[in-house]
Amino acid sequence: MKKNFLLGKYWDPDATLDALKRLQDSGVLVYDVFSPFPIHGIEPYLNIKRTRLTVAAFIYGCLGALTGILLIALVFGVIWPMNIGGKPTVPWPDFVPITFELTVLFAAHGMVITFLIVGRYWPGKKAVLMDIRQTDDVFVVAIDKNKVEDEAEIRKVFSETGAFEITEKEV
Amino acid sequence: MSHAESPIRQKWVVNTDQYGQITADVTRPIESKPNLLWLAATGFSATVLGVGTALIVWTIYEGIGVWGLNPTVGWAFDITNFVFWVGIGHAGTLISAVLLLFRQKWRNSINRASEAMTIFAVMCAGLFPLLHMGRPWLGLWFLPLPNTRGSLWVNFNSPLLWDVFAISTYLTVSLVFWYLGMIPDFATIRDRMAQKGRKIASMIYGGMAFGWEGSSRNWSRFEVVSLILSGLATPLVLSVHSIVSMDFATSVIPGWHTTIFPPYFVAGAIFSGFGMVQTLMIVTRKVYKLENYITMDHMESIAKIVIATGSLVGLAYMTEFFTAWYSGSLWERYIFINRMFGPFGWSYWIMFSCNVITPQLFWFKKIRTNMVLTFIISIFVNVGMWFERFVIIVTSLHRDFLPSSWASYAPTYVEVGILLGTFGLFMTCFFLFSKYLPVVNMFEVKTLVNHPKKPANLEERAEEPVTA
């Protein structure tokens with residue numbers, strides 16, 4: 001379903017943040033901000049909650065550690081126990097390196113795959129852009145027109161905070 | 001505010017006050033046609049790679065008898081090259097992960113190229129254990145897979161198997177880290193190409209950009225993922241070379257059987273890696289005119305790390321000697337005296353002078369800001385670190401407990417050719433990378449620009465937004 005957006009475009013991240021602050025003060029819901037690089041401190045203005053990917057990474061890591069321990073313990077303890085000079089058949093200190101590597105392997109790949117799924121990224125996906133310059137040097141504040149009451153007020157905020165261009169776009 | 005910083009703070013980006021200028025400078029080599037110099041350099045590297053490939057084929061066809069190994073010196077050039085290349089890789093992860101955790105902003109402009117270096121170096125490294133197997137197609141036996149060979153399992157007690165897990169984890173995690181960091185830059189190139197009407201290029205880079213649009217929600221996640229990945233890569237990089245050192249340290253061969261190996265190898269790896277970063281960066285910044293992003297201050301910072309890690313390596317050499325003397329073990333003492341004054345003494349002195357003495361020249365500001373001298377010293381570091389591994393491996397092996405089995409070792413042309421071939425592979429990959437992928441991390445460098453100026457041509461570039 002296509003949405004109609006009101007776009008305020010800036011060339012300065014500081015001005016973008018000023019605009020977001022003004023919009024928040026007047027209770028306007030901002031759809032999203034598109035920028036060529038991450039703007040630090042933007043999260044509160046867009047109600048972005050702390051991502052749970054860290055928790056996911058932790059769970060994947062635990063899974064990796066468990067895989068490592070189970071794999072080696074099963075092979076050495078159950079499937080093919082070996083008597084090497086009467087030493088323990090399941091020498092756990094020897095498991096540490098491989099268990100550690102599997103922990104990192106699972107945590108890293110699991111987290112990145114989850115990141116791609118959550119953000120809906122895949123190879124060859126068509127990007128939906130508000131402005132073609134947004135990956136270069138333009139910062140775009142996008143507001144869903146269906147969710148605003150006073151459009152003139154927003155346009156006023158945009159022009160007062162230094163937006164060089166105020167446009168509309170249907171995507 | 002987000003990016004405005006104190007004017008007295010050190011600037012890691014100079015002569016640049018527009019974000020668009022960064023995009024233009026970094027994408028210039030991608031947009032322009034390859035020049036003659038690049039074609040010649042890539043062609044040469046590819047030829048060397050071709051020679052190496054031919055010798056690899058010969059090795060596989062004939063068997064590793066074409067190498068100079070013998071029953072006493074069973075590991076020589078191959079494992080030396082393996083440890084050397086793995087070590088080179090470590091600087092890339094250190095720059096991209098460890099320096100991110102320490103918030104060292106100078107990493108922003110050199111992390112992309114160093115990570116690329118890591119991946120190409122680990123690719124070269126991985127070749128050698130595979131080739132040394134003699135039957136590389138049986139490499140699958142390294143994996144703990146259920147099988148019909150009497151249900152034969154791998155030995156989880158063996159550091160060689162730990163290596164398999166460490167190196168494959170390292171390679172794949174580094175690759176993912178590298179690619180993830182490039183996604184926003186691919187999007188930048190995609191849109192730049194679209195604006196210039198280059199549809200095919202835009203389509204290719206668009207495919208690689210995974211549909212990145214720079215939404216703040218995704219940036220927020222992206223930054224957390226990068227941070228956690230560096231948190232994971234940091235212990236990983238330390239573990240990889242520790243495990244590589246355990247290939248030797250867990251044996252009972254005098255000269256190998258020492259507990260200092262893991263930190264000693266990690267310091268050496270970072271040292272050699274930074275030597276290679278210097279070599280590559282000096283050329284890259286000059287050829288692609290990136291002096292505004294890879295500044296003299298960057299080169300100085302790298303030189304300082306080379307001093308620090310070089311001194312650590314020197315300390316490790318001396319500790320080893322002290323321990324050999326202090327241990328009272330006859331064999332241990334002999335092997336270290338033999339290392340210095342035995343038949344392979346020359347390689348020891350090359351190692352010592354290149355690794356311990358030459359890097360100390362970087363204490364002088366005049367030397368570390370002189371790119372010709374820095375380049376020469378970085379080559380010395382690369383040579384010295386290769387010889388370090390040669391010294392550790394060959395001098396410890398060639399005279400073992402039984403004098404009747406003492407032997408010498410000399411590489412054949414096949415071994416030398418395969419080593420050169422890996423340099424060909426490394427350089428070919430690096431040249432291709434520097435031509436077709438963004439050498440400098442554009443979006444991270446953009447965060448370093450203070451008080452940006454309004455782009456002059458904003459309105460001209462405002463086309464009807466396309467969905468590329």
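**The contact between the chains**

Analyst: In this predicted model, 68 residues of chain A are in contact with 66 residues of chain B. Residues are numbered from 1 along each chain as written, and chains are lettered from A in the order in which they are written. Local features need pLDDT of at least 70 and side-chain atom pairs 80 or more, while totals for chains, interfaces and linings use all residues.

User: What makes two residues count as in contact?

Analyst: Their C-beta atoms, placed from the backbone, lie within 7 Å. On the side of chain A that touches chain B, α3(A) gives the most, with 15 residues; a helix is a DSSP run of H or I of at least four residues, a strand a run of E of at least two, and both are numbered from the N terminus.

User: Why is strand β1 of chain A called largely enclosed?

Analyst: A residue is buried if 20 or more other C-beta atoms lie within 10 Å of its own, exposed if 12 or fewer, and partly exposed in between. Six of the seven residues of β1(A) (residues 4–10) are buried, so the strand is largely enclosed by the rest of the structure.

User: How do you know that β1(A) pairs with β4(A)?

Analyst: Pairing requires at least two DSSP bridges; β1(A) and β4(A) (residues 165–170) have six, in the antiparallel sense. A:N4 stands opposite A:E170 there.

User: Why is chain B called as compact as a globular protein of its length?

Analyst: The globule rule, 2.2 Å times the number of residues to the power 0.38, is set against the radius of gyration, taken over C-alpha atoms. For 468 residues the rule gives 23 Å and chain B has 24 Å, which is close, so the description applies.
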